[in-house]
Structure formats: C-alpha cells, structure tokens
Amino acid sequence: MVGVAIVALFIAMATLGPVLLPFDNTYYLTKRYQPPSWEHPLGTDFAGRDVLRQVINGSRDVLLVAFLVGIITTFIALVVGISSGMVGGRFDAALMAVTDVFLIIPSFPLLLIIAASLPRTLSPFEVAFIISIVGWAGLARSIRAQVLSTREKPFIEAARCLNLSNIHIIFSEIMPNLLPYIAVSMVYSVTGGVYSQVSLFFLGILPFTSVNWGMMINIALYNENALINTKAWIYLFSPIVCIVLLQTGFILSQHALEEVFNPRLRSEE
Amino acid sequence: MRWIFRRSLLLLLTLFSALTINFFLVRLMPGNPVDQMLNELMMQGYSYEEARTTVAQIISFVPDAPIHEQYIAFLQGLFKGDFGRSIRLATPVTTILGYGIPWTVFSMSLSLVISFVIGALLGMVIAYRRGSLVDRAISLYASVSGAIPAYVVGFFLVIILAIQLRWFPSELGPYGRNVIPPGPGELPSLEFISSVMRHAFLPVMTYVVVSVGGWILRMKSSTISVLGEYYVTAAEARGLSDRRIVLTYVGRNAMLPMFAQFAIYIGLMFTSSVFIENMFLYPGIGRFFSQSLSWRDYPLTSGCFLITTIAVVFANFLADLLYSRLDPRIRLE
C-alpha cells in the first residue's frame, strides 16, 4: 500500500504539478544558488531557476517514458512469447534464437549506441521505444515458458475439442492465466524504464530537450561541480531523492501486486 | 555435448549480430565522423582525394565501396586485430583499450568478488530466517537497490565519506594528481599503489552497494529451493550436525547456480562499469565508451562495444561449461 501511495503521489505530481507550478526557464542571474525560502522551497540553481519547479516538471517526462516502456516492453514480449509458444517448431526455434541474442548482447551499451546513432532529438515515445527494444527478451522468454506449460493443461485441450479458434484460446484461455505475471513484470519494466532513461540523460547521450531528472544530475555534476560546490547540493539531491523514492514506490507496488495474485506469499509471513 | 554445441552456436550468432549492429549503427550516427574528418583534413590543406585515402587508412574504411564490401573489410580488419584509430585521441583503438581494460578489470573484479561473498552469506542467512524482520528489511533493500543507478549511490558516498568525513580522497580519478604512474616496464612505486587503492575504494564500494542486493536475492531463492529438498530433511533426520548440513548439504548445492551467475557477471563487467567510471572519472572501458559516443568517435565506440560483447559472450560460454561441469543433470539433457 505504501508503494502504491508513493507512485500515486508521483503521478499526481507529474500530471497536476506542471499545471499548478509551471516552470520558468528564464535565467535570473541575481538569484543564483539561493538557499531554500518560502518563495523557492528548494532554493534556486546556477541560473537562478526554481529547483522545486524543475523537479516537478521533470517528473512528467520521467513517468511518461517509464510507463510507455512498461507498455511497449510487455507488448513486444507478449507478441513474441505467445506466438513462439503457440506456433512451435521451426518458427519457435528461430524466434527464440533471436530472443537469446537480444538476451546476451549487453543491453545498456547497445541502448547507448542506438540512442547516439539517432540523428535528432527524441520524443518521449521514441525514447521509450528504444529502451523497450533492448529490454524485452527476458520477459518474452518467460512468457513463452508459461505458454508452453499452460497449453498442455486439460482446459486448453477441452477448448480444442470444442473447436474453438486459436484466437479464442490465446485471448480467452491462456491470457487470463498469464495476467498476474504480466502485471507484475510490467511494473518491473517500468522501474527499468526510469533507470535507463535517467541514465541516458545523465551520461548526456540524449540531447536535453525539456527538464528531466537525469539532465539535472548531469548538469549538477558537470556544470555546477556539485560534488565540491556545496551550494549546488540541493539541486543535485532533489532529483536523486525523487529517483530513489519513485523506484522504491514501484518495487513496493510490485511486491504488493505479487502478494495479491499469489496468496501463498502472504501465508508465509 | 550437443547442448554445449548449440549454446556455442548461439553465442557465435550473438557475437556476429553485435558486430553487424555495431557496423551499421555507427554509420548512422549523426555528425558522421567520416565527413567530419574529411573536413578537418581538407582544412589542413589536403586535397579531397588525399583526405579520403587518409581517412580510409585511419579508420580502415573504404569510403566509395558498396556497403557489403565495406562490411567485409570491417570484419577482415577485426580478425587482424585492427580496430582503426580513435579520431579524437589520434591513437590506435587497441592502445586505448589496452590502457582502459586493466583499470576496469582491477576495480570491477574487486567489486564483484566483494559483493558476491557478502551477498552469498547474507542471502543464506535470510533464507534461514524467512519472514523475520531482518529478512524483510534486507529483501526490500536488495530489490530497491537493483533499481537505482550506481551514480545515485556514488554521489551520497562521495559527499559523505570523502568530502564531509574526509576518509577518502575527494579528487576523482584513478590516482592522486601528484602521484607519478609507472612508465612502461617499470615497477609501480609504493606511493602509486597506495594512491590507486585509496582512489578505488569509493567506486568499489558504490558498486557493492548497488549490486550486492542481486546476489542476496539469488542466494536466498537458491537456498530456499534447496531447503525444500528431501536430502536436507534426510540429513536432518540422521542427526547430522547443523554445521555440516548448512555447509555441505545446503550451502554447496545452493552455490551451484551462483557460480554460473558469477561467470556471467564477470562478462558484464564492462557494462556495469559505465556509470561508476563516468561518475568517478575512472579511465576504464565504460568511461571511454560513453565518451566516445559524445565525441562521435566511431572507431573507439566500435572497439569498446566489441570488447564488451566479446567479454559477455565468453562469460556466457564459461557459465555454460561451468554449469554442465558442476551439475551433471544439465549434461544429460
């Protein structure tokens, strides 16, 4: 419950925040590095901009990309896993070879290369898409394994005897059984989305288009020299604390989901 | 044997795909390094033709050839150990890799061993205390820490331990600024070694903090599954000492999958070092890799990515071998 509450808080911050406290990107050089005050609850940065507003407005892209990553990754994994498991034979072997290749290739370096080779600034959707492209393989493999074990179950045989279509079997017989697993993995991919995206901006691989936590950390470290410059600590720590909190929220929600779907976990305690 | 053969085939396929992806993606990179070099050379007074041949020599790249011939030339170059020259640093890529690899291997293997040992011990302890407060606290820490990028933890450690408490040098980099690194063929001075060790402490600790969780969880689930086996119950029924059961019955069997995982993580060394090396300005492969991307230094990018992939592929092969050696059940499949 705590996890869901944290995530809900961040979602509220990302959706309502930018409306209530819009970000003003003009430089106020007379107000650089101000300590926290009523006007600027988290102080100001090297250009006199409000830190709190940057954190709030930065959360929008972070969450948007993270959720998109969750959806796209799960979608690719579902399509690959289910078709591979259902069709079988050579098709399955070929598809799994591709999946294994994606599983073994070091994914973060690959992501960096892909991101760097794209010629222009990327929309949140495109960022989410390239993160998903390197991250779907593990989930596809386990979905396939689940499909393989589910399709031998008697109720699938019953459905086949009733001459129900493959489409029906996939969507009405197999999918509902996979649903708990898919939901949990989706939350897991969302944390991966936060991680990869913030890191791409931190390393400066993606150009800075809008405010974003990874960008803030990058600027804090390389432009403000925040490790030594004590005045920049708030600017550095605000996005960092947000990342830690948000990820904790997602992981806790994931655990909560697991417990809902798998009552055995609850009785163990 | 068939299993190993199939796995090797898969690994070769992976290596080949990585090479291909590498070849095509870097050619798509904006601010095409070839054009950039051509421009630079022409500004230095070279004629267009001269500039082209120079560029072709430098990055072992035939500018006018059709793409498949370029690809073959690229593969041939790699087999000869020719990775081209870095554009930005104007040195052969192999020299740069030769400089970077030891730093990464040194810091990351230290980190890996430490987090593996701590993780295996803690994982086993909490598997025995399932459901206790300790278990819940450690498990939560373990799963959250895996989702947090290393640099986030690194900042806390640097600011608290190096800047506030002054336990460690606060200047980043692999060794102190006034320490002279040993020349080629020279033995490193004592001063150099101690400086390197003190500077390695925070990067290593950062890696341990973020990666120990994964080992804890792996060991915990491995131990729990072993604890459910009948031979453990049988050993208990025979009245064997707890010590013996924990070490030889549970411990050894629970460690089996851990060793194969360890082999895989050795291969992931160059991947996991990207953040830490960028944060601590540590001149390893991870640092060169991300820098080469922002410099658009395409031969260097290729070289780093290749080393990373080769390491991963070999480690996977090692893990497969190890697994089938250690666990005869796999061999029979």
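How much of chain A do buried residues make up? They make up 45% of its 269 residues, where buried means that 20 or more other C-beta atoms, placed from the backbone, lie within 10 Å of a residue's own, exposed means 12 or fewer, and partly exposed is in between. Residues are numbered from 1 along each chain as its sequence is written, and chains are lettered from A and ligands numbered from 1 in the order in which they are written.

**View 1. Chain A is built with twelve helices and zero strands.** Helices (H or I, at least four residues) and strands (E, at least two) are DSSP runs, numbered from the N terminus. Contacts here are pairs of residues whose C-beta atoms, placed from the backbone, lie within 7 Å. Take the contacts in chain A with a separation of 6 or more: 70% of them join residues 24 or more positions apart.

View 2. For the classes, Ala, Val, Leu, Ile, Met, Phe, Trp, Tyr, Cys and Pro count as nonpolar, Asp, Glu, Lys and Arg as charged, and the others, Gly among them, as polar.

**View 3. Helix α5 (residues 93–128) of chain B crosses helix α8 (residues 190–227) of chain B at roughly 35 degrees.** Their axes come within 5 Å; axes are lines fitted to C-alpha atoms, for helices over the stretch in contact, and angles run from 0 to 180 degrees between N-to-C directions. The contact of α5(B) with α8(B) has 21 nonpolar, seven polar and two charged residues.

**View 4. α5(B) also packs with α12(B), at an angle of about 130 degrees and with the axes 7 Å apart.** That makes the pair oblique, the label for whatever is left once angles under 35 degrees count as roughly parallel, over 145 as roughly antiparallel and 65 to 115 as roughly perpendicular. From α5(B), look for B:Ile96, B:Gly100, B:Ile101 and B:Thr104; from α12(B), look for B:Ile285, B:Gly286 and B:Phe288.

**View 5. B:Thr301 sits in helix α13 of chain B.** B:Thr301 is buried, since 29 other C-beta atoms lie within 10 Å. Leaving out residues up to four places away in sequence, B:Thr301 touches A:Ile113, B:Val26, B:Phe289, B:Ser292 and B:Leu293.

**View 6. B:Leu281 lies in the loop between α11 and α12 of chain B.** Most residues other than glycine have a negative phi. B:Leu281 has a positive phi of about 50 degrees, although it is not a glycine. B:Leu281 counts as exposed because it has 12 C-beta neighbours inside 10 Å.

**View 7. Chain B has a mean pLDDT of 81.** That score is the predictor's confidence in each residue, from 0 to 100. In chain B, confidence is lowest in helix α14 (residues 328–332), at a mean of 61, and highest in α5(B), at 89. Where pLDDT is low, the predicted coordinates should not be read in detail.

Definitions and conventions:
This is a predicted model: local features need pLDDT of at least 70, side-chain atom pairs count only at pLDDT 80 or more; totals for chains, interfaces and linings use all residues. Two residues are in contact if their C-beta atoms, placed from the backbone, lie within 7 Å.
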